[in-house]
Amino acid sequence: MNWRTIIYVVLLVSLTVAKALPRTSRDVEGKKSIGQRFSQLHENNFKAIALIMFAQYVPGGTFGRAAGMAERVTALARSCAAAARDSPDCLQPLDRIFFDTICQEKNLPRIADCCAKEDPERNDCFLSLKNFSQGSIPPLGRPDAEAACRNYSQHQQPLTAYFTYEVSRKHPFLPAPTILSVALRYEEMMKRCCGGAEGPSQHLQECFRTQAPKVVKPVREDALRQEHTCGILKKFGERTLKALKLTQISQKFPKADFVTVHKLVTDVADMHKDCCRGDTLDCMRDREDILQYVCSNQHILSSKIQQCCEQPLLQRSECIIHVENDDKPADLSPHIREFIEDKGICERFAQEKDTHLARFLYEYSRRHPEFSAQMLLRIGKGYEDLLQECCKPGAPSGCRSRGEEELRKHIYETESVMRTSCDIYNEKGDYYFQNELLMSFTKKMPQLTSAELIKFTKEMTTIGSKCCQLGQDKLLPCAEENLDLVLGEICRRHLADPINPGVCRCCSSSYAFRRPCIGKLEVDESYVPLALTPGLFAFHGDLCTTEEEKLQHRKQEMLITLLKYKPQISPEQLGSVTAAFSAMRERCCGEANPEACFLKEGPELIKRSEKMLSA
């Protein structure tokens with residue numbers, strides 16, 4: 001059975017079986033044994049799941065050792081399925097069997113302390129190793145085309161297994177279904193590119209150049225979304241994550257009643273808790289339970305998900321996430337004034353605060369698919385603040401009525417920010433729009449490296465190209481929700497290596513207000529500007545390259561250095577320095593020896609620029 005078949009069968013069978021896997025060792029009673037699961041999954045499928053688990057839990061090991069452990073667990077399962085099903089080893093919970101197998105290995109990095117513990121502490125210890133290893137392994141790179149095709153023609157199944165292992169150890173929190181779908185895309189790429197391996201090497205290189213991003217990009221995007229969600233849960237807690245999921249599910253399924261939406265929110269939050277802890281088996285089971293519930297209740301949830309639910313489990317989850325929101329009920333009133341005008345509001349708020357706020361957020365979100373989830377959370381926080389103030393004893397009688405005016409003001413401000421950004425993008429295009437962002441973010445966060453600033457602003461520019469072409473009803477969800485991913489990256493970077501007090505405040509105080517908070521940051525007053533040293537501004541012949549992308553990158557690096565040297569530079573001063581630089585570059589690149597010209601003209605430019613900047 002080849003790996004393509006294995007992956008399909010694993011997803012269609014193992015995720016269903018995963019419901020029965022024990023959440024902890026205490027849950028073993030009444031669950032299926034390892035032998036029963038082996039019989040249902042079949043050998044190759046069982047081994048594929050085992051390989052992923054060992055790669056994720058022991059990322060410092062090797063492919064050979066992970067594959068060897070998978071073989072041993074599979075041999076035990078085969079034995080239990082055949083005749084020894086009443087053996088004590090066959091009745092152990094599956095997670096305990098996996099960890100026992102790891103602990104039987106000698107000289108694996110950092111596992112001795114974990115293996116000295118008893119369950120469930122041992123399980124928690126192994127989960128902590130996932131946290132330790134995250135980010136310590138280099139990311140996936142593009143394979144050497146000719147060598148990859150030679151290996152593929154000789155070792156097709158082991159090569160795909162090795163790729164699965166590499167993805168698993170590099171992304172220890174990535175759910176198994178995602179990894180298996182990536183392995184399937186890898187298999188398809190290898191068949192497409194290596195099918196004509198006898199052809200010219202440049203054809204192979206071109207095939208890999210175009211196909212590799214289709215394999216690697218979804219891994220990065222899925223890993224980023226997973227890390228982003230886990231970052232929200234870790235930093236802001238379960239209540240914030242549930243509020244976020246409440247807005248998103250209410251928008252996706254506006255016909256569903258509050259009780260149904262609330263159940264889904266709770267289930268999804270529980271799933272993320274398991275996935276973010278790294279509990280591979282529980283994460284798989286939770287996801288399948290949710291998909292089964294959603295697809296079994298299409299009639300009360302959405303008319304748009306039928307095609308998703310007809311797909312294999314591999315595609316089903318992604319399909320439902322990306323399917324368009326269902327149509328709003330025809331009889332849904334445009335306003336929810338009862339949350340402001342009803343006389344019993346303050347009493348309900350006092351008695352069941354979270355439920356009342358959740359109902360408000362549900363009702364408002366299902367009516368406004370044109371708003372971003374983050375904006376809806378800000379509206380929910382504004383409503384909470386309004387009630388806290390207006391429900392106090394002695395509050396003026398018309399206190400709550402000002403809520404609508406404040407709401408309109410916030411909506412206008414948010415839409416204005418997005419429209420203004422899109423106007424700039426549409427006027428300037430990618431490169432100059434990114435330069436505008438670089439000027440802003442270098443002043444806000446000068447502690448970031450040039451590479452980091454260019455990376456983050458490049459991602460923001462991509463959001464502009466993606467979202468600014470959409471209509472007003474799609475702009476906000478697209479722009480702010482994608483921007484939220486980039487800001488989440490920045491905040492996780494801050495947690496790993498603090499940037500400055502302003503970023504700390506924005507990343508720590510409120511998830512919903514993170515974007516407007518960072519937007520309002522100005523020049524970081526705590527930053528000590530770079531000193532003007534002989535090597536700070538270096539001009540060389542690479543400035544004469546005809547490759548526009550390389551030249552733009554070099555110019556952006558110099559722009560960042562200039563802003564770190566003079567954070568308070570005015571637009572007029574920047575324009576003067578830029579014009580002087582462009583004139584020097586044009587002059588030197590026209591010389592027979594550009595390097596000698598830059599060596600002579602560069603110091604003169606720096607002197608003239610110093611005078612401009614000190615004026």
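Predicted model: local features only at pLDDT ≥ 70, side-chain atom pairs only at ≥ 80, totals over all residues.
**The annotated regions**

Begin with the overall layout. The unreviewed UniProt entry lists "domain: Albumin" for residues 22-216, 217-409 and 410-607. Select residues 410-607: this span is 73% helix and 0% strand, and its end C-alpha atoms lie 47 Å apart.

**Salt bridges**

Side chains of opposite charge can pair when their charged atoms come close. In this structure there are 45 salt bridges, and the next stops visit some of them.

Select Glu363 and Arg366 and display their side chains. These two form a salt bridge, with 2.9 Å from N to O. Both residues belong to helix 19 (residues 353-367). Because they are 3 residues apart in that helix, about one helical turn separates Glu363 from Arg366. Glu363 and Arg366 are both buried.

Proceed to Glu480 and Arg378. Their closest N and O atoms are 2.8 Å apart, and the two residues make a salt bridge. This pair joins distant parts of the chain, 102 residues apart: Glu480 is found in helix 23 (residues 472-496) and Arg378 in helix 20 (residues 373-390). Both Glu480 and Arg378 are buried.

Next, select Asp542 and Arg554, a salt bridge whose closest N and O atoms are 3.2 Å apart. Asp542 belongs to the loop between helix 25 (514-520) and helix 26 (548-565), whereas Arg554 is in helix 26, so their contact ties together parts that are 12 residues apart in sequence. Arg554, with a relative accessible area of 15%, is buried.

To finish this part, select Arg96, Asp100, Asp119 and Arg122 together. Salt bridges link these four residues in a network.

**Aromatic rings**

Turn now to the ring-bearing side chains. The structure contains 19 aromatic pairs. One of them is formed by Tyr162 and Tyr165, a tilted pair with 6.1 Å from centre to centre and 35° between the planes. Both lie in helix 9 (residues 156-170), where being 3 residues apart means that about one helical turn separates Tyr162 and Tyr165. Tyr165 has 2% relative accessibility and so counts as buried.

Select Phe258 and Tyr362 next. Their rings make an edge-to-face pair, 5.5 Å centre to centre, with 65° between the planes. Phe258 is in helix 12 (residues 258-277) and Tyr362 in helix 19, so this pair ties together parts that are 104 residues apart in sequence. Phe258, at 9% relative accessibility, counts as buried. Tyr362 likewise counts as buried, at 4%.

**Charges over rings**

Select Lys444 and Phe441: the charged end of Lys444 sits over the Phe441 ring, 5.9 Å from the ring centre. Then select Lys566 and Tyr565, where the charged end of Lys566 sits over the ring of Tyr565 at 5.5 Å from its centre.

How values were computed: Residues numbered from 1 in each chain as written. Heavy atoms only, no water. Helix = DSSP H or I, 4+ residues; strand = E, 2+ residues; numbered from the N terminus. Buried < 20%, exposed > 50% of the residue type's maximum accessible area, 1.4 Å probe, protein only. UniProt positions renumbered as here; feature names shortened; annotations may be inferred. Phe/Tyr/Trp six-rings, centres within 6.5 Å; stacked < 30°, edge-to-face > 60°. Lys NZ or Arg CZ within 6 Å of the ring centre and 35° of its normal.
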